[in-house]
Amino acid sequence: HGQALCATPGLAADIVSAIAKVSAKPLFPKLSPNLDEAQLEALVVSLLRAGASGFTAINTVGPVDNLHPLTGTNVLSKGRGGMSGPAVRDLALGKVAALRKILARENAAHIPILGMGGIATAEDCRKFWEAGATVLGVGSALTGLNTAEVAAFFAHLEADLRPELPRPTVERPKPPRPDLMVFAEYRLERTERCTEDLA
């Protein structure tokens, strides 16, 4: 439904405005990459006026067929779905740059952009900053990593960005395997509530 909301600036603005009335927290609407520049500009202007604090660019691309690189079969049970990771990086960079230009034209150059879409290396980070992102988000590059490996990933990323820091003593995690989306069949035997603070 996000695509439909993004393609309807008035509706998206109504939602942001309603949230802004009941929450003092910053609002960063996540923008669809499927909009052309005119649609993006109309949406961004309406969201700024509605109270957006910043923007997240981009959301997943699609829906598209997500074919397994080794088998050529669709990895999603419903067929089509969102695409993310390195395959969307160039599109994400273009949308961040377009968004930054729109904000400048609206005298809103101070508005932060959370850039995301295929970020995995220090070079990716630099490209997003050059395109106009203020803050960066990493998602697909963490696929399959456990907690310790996620910490190691960010330790290496920070050291790659800041050479004056000492090199991490932990090993750099390997990139996600292409076969991570192959799942064995399973049967749910039972569910058990582990804690009271999760609804």
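Helices (H or I, at least four residues) and strands (E, at least two) are taken as DSSP runs and numbered from the N terminus. The model is predicted, so that local features are reported only at pLDDT of at least 70 and side-chain atom pairs only at pLDDT 80 or more, while totals for chains, interfaces and linings use all residues. Residues are numbered from 1 along each chain as its sequence is written, and side-chain values use heavy atoms, with hydrogens and water left out.

The secondary structure of the protein comprises six helices and six strands, arranged along the sequence in the pattern α-α-β-α-β-β-β-α-β-α-β-α. Of its 199 residues, 33% count as buried, where buried denotes under 20% relative accessible area, exposed over 50%, and partly exposed the range in between (1.4 Å probe, protein chains only). With contact defined as heavy atoms within 4.5 Å, residues 24 or more positions apart account for 58% of the contacts with a separation of 6 or more.

Helix α3 spans residues 37–50. The expected span of a helix is 1.5 Å times one less than its number of residues; for the 14 residues of α3 this gives 20 Å, and the end C-alpha atoms are 20 Å apart, which agrees. At the start of α3, a side-chain oxygen of D36 comes to within 3.1 Å of the backbone nitrogen of A38. Residues L40, L43, V44, V45, S46, L47 and A50 of this helix are buried. The helix is followed by G51, which has a positive phi near 115°.

Helix α5 (residues 122–131) and helix α6 (residues 147–161) have axes that come within 9 Å and cross at roughly 65°. Here, axes are lines fitted to C-alpha atoms, for helices over the stretch in contact, and angles run from 0 to 180 degrees between N-to-C directions. The crossing of α5 past α6 is right-handed; a crossing is given this term if the near helix is turned clockwise from the far one by less than a right angle, and is left-handed if anticlockwise. In the contact, A122, C125, R126 and W129 of α5 meet L157, D160 and L161 of α6. These residues divide into five nonpolar, no polar and two charged, with Ala, Val, Leu, Ile, Met, Phe, Trp, Tyr, Cys and Pro counted as nonpolar, Asp, Glu, Lys and Arg as charged, and the others, Gly among them, as polar.

The buried residues of α5 are A122, D124, C125, F128 and A131. They pack against α4 (89–105), β5 (113–116), β6 (135–137) and α6. Just after α5, G132 adopts a positive phi of about 125°. The C-alpha atom of G132 is separated by 10.0 Å from that of G94, the two residues being 38 positions apart along the chain. G94 belongs to helix α4 and counts as partly exposed because its relative accessibility is 38%.

Helix α4 also contains K101, which counts as exposed because its relative accessibility is 54%. K101 and E41 are 60 residues apart in sequence, with a C-alpha to C-alpha distance of 9.5 Å.

Most residues other than glycine have a negative phi, and most peptide bonds are trans. A cis peptide bond, with omega about 20°, joins A57 and I58; I58 is placed in the loop between β2 (55–57) and β3 (61–65). N107, a residue other than glycine, has a positive phi near 55° and is located in the loop between α4 and β5. With a relative accessibility of 71%, N107 counts as exposed.

Notes:
Polar contact = N/O pair within 3.5 Å; in protein donor to acceptor, adjacent residues only side chain to side chain.
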